[in-house]
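Welcome to a short tour with your viewer open. Please load the model, colour it by chain, and follow along one selection at a time.

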Amino acid sequence: MPLTLEAKNKSPRRSVRSGRKGLTGFLFLLPFLVLFVVVFLIPIIVSIRSALFAQVASGGGLYGGGELVDQFVGLDNLVAAATNGAFWKGMGRVALFGLVQIPLMIGSGLFLALLLDSFIVRRVAFFRLAFFLPYAVPGVIAAMMWAYLYTPQLSPFLEYLPDGTNFMAPNVIILSMANMTTWTFTGYNMLIFLAALQAIPRELYEAAAMDGATGFQVATRIKIPLMRGAALLAILLSIIGTVQLFNEPVIMQSVNQWMGNDYTPMMLAYNSLMGQVTPSGSGPASAISLLMAIIAGALAAIYAFAQRQKGE
Amino acid sequence: MTLSATTTTKKPRPRRGKAGPGFPPPSIGPSPIARTLGVLVLVGACLYFLLPVFWLVVASTKNNADLASTFGLWFADFNLDQNYDSLMRWTQGLFWRWVANSVLYSGVAGVLGTLLAVMAGYGIAKFEFPGKKVFVGAIMGGLLLPVALLTVPLYIEFDALGLTNTMWAIIIPSAASPFGVFLGIVFAKTAVPTEIIEAARIDGASEARIFFTIVLRLLGPAMVTIFLFIFVATWNNFLLPLLMVSSPELKPVTLGLYGMMSYFSPDKGAVMLGALLGIVPLVVLFFTLQRYWRSGLAAGAVKG
């Protein structure tokens, strides 16, 4: 890595502190900051604002007959979203998806990284690339490919499975979608773990071997504990990713109409905005997004807190 | 997460398969049984990850009848040219336009986003200014934000600005990458020695000149990494173009293929050919630039 060369000449960090230089630093940050405000800050404000309003037709008056105007409705939209059965059903599906998929993906990513780091095979680079390749396939295209792989007339492996195996059955389809996500992201997570493993000083292993540790003990007592930080972050990001599950169910819905427009909360939010479910419009859609953001934030905070407690 | 502990990972990785300082003592090397089991698992995992892609290649050469009747994992009648014609027909000749759109959106967002992220990272890593902690905190908060949830209000905002159904509705949001800034900070701390900047200042170079002639050169590899992450994230994004863009001429390839799949019974082989052609540019990037991926993921993993 070219980066390693420069890193060696690094001196103790010294930052320049003078008024003019300070302004310079801010000016370097400024262009990104402007973009950040446009893409992150304003949408957050917009979603709070539009969640507080509903679009209603003004009957006559200043604006004329059918024109839509924003009417302040307070927390009505949020209450409506929070008491919407479809929203919580979708949340339930997403929770089930996450409970199966996240441990499976993180577990196999961790396991594969440990295997590649334990001198079992010589061609580590080949396996690393093979496992990472699915990440190059966009989520939507991966979902389309798997949807065909699950389709009885098309599937190359369905005929070798027991009769009656149906990947699209209502109680199986969540697992089928979990498999799509696992296929795409396991290699990505494995690379993160592999990077964390390679940051562990090799002398630790020698010391452990001198104390009579086996390879298995080195893995469970040294490697896994030292990868906790990386695993925590990977799980957090997976939880956040799962709450907004969208691509896989949308593709599956295009071949399984029974899944409906509200299979996951993100689908519900999208279709509210598009006017394909009631209540529709930017108000209800924003309210659903806000509610999901609150839930995602709370879940992430609870998880991070629980992990920290356990670590102490 | 902390951004400070930096240099521990930067040791050159010991090479595998040769006895040397990095090779483990024999006692913690795998036993023959463990080795066999391990190889079996790794080969099994390889099949799981690679067979679907191989099937995609095979399926893209078959017509609907062969897809249903012949062995799925090997070629039958070579029907690639009919599938290609069918793909062009179903997409009304727009398929390559969609691929070009994806390249354009991802490329522009990548270049723009990388430059802004590196500037921000350099400003944060090498300068002190009031409010810096707040800005860094906000940007790192953006890293953990579920971005799909922002897409709905983003649509409302861009609609009010009259920017929906333009390429900017995809490029502007995609160029804002908190992860890019995070990498920019990490790399600017490790790869840009403060002495060089100070020496250039003493020689009378302006701050802009220092940045564009010295810092950008030192951060070259880091910029490739950041560019890759933004490029792939933009290429893979589906919800954003789905909301923002409605004209067929403006669709990226993911959105175009989704539209094709939701038609009533298209030629499956043609859809799969489209899927295959839609990922080729990304696969090429992966194979040629994979060391840059690893340096980015390493920064994320160790600092996380």
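Start where the two chains meet: between chain A and chain B there are 0 salt bridges (a side-chain nitrogen of Lys or Arg within 4 Å of a carboxyl oxygen of Asp or Glu). Next, select helix H2 (residues 19-51) of chain A, which gives the most to the side of chain A that touches chain B, with 22 residues; helices here are DSSP runs of H or I, at least four residues, numbered from the N terminus.

This is a predicted model, in which local features need pLDDT of at least 70, side-chain atom pairs count only at pLDDT 80 or more, and totals for chains, interfaces and linings use all residues. Residues are numbered from 1 along each chain as its sequence is written, chains are lettered from A and ligands numbered from 1 in the order in which they are written, and side-chain values use heavy atoms, leaving out hydrogens and water.

Now colour chain A by pLDDT, the predictor's confidence in each residue, from 0 to 100. Its mean is 83, and 88% of the residues of chain A reach 70 or more. Among the elements of chain A, helix H4 (residues 85-116) has the highest mean pLDDT (94) and helix H1 (residues 2-8) the lowest (39). Where pLDDT is low, the predicted coordinates should not be read in detail.

Last stop: Arg217(B), in helix H10 (residues 207-218) of chain B. Is Arg217(B) buried or exposed? Arg217(B) counts as exposed because its relative accessibility is 66% (buried is under 20% relative accessible area, exposed over 50%, partly exposed in between, with a 1.4 Å probe and protein chains only).

Notes
Helices (H or I, at least four residues) and strands (E, at least two) are DSSP runs, numbered from the N terminus.
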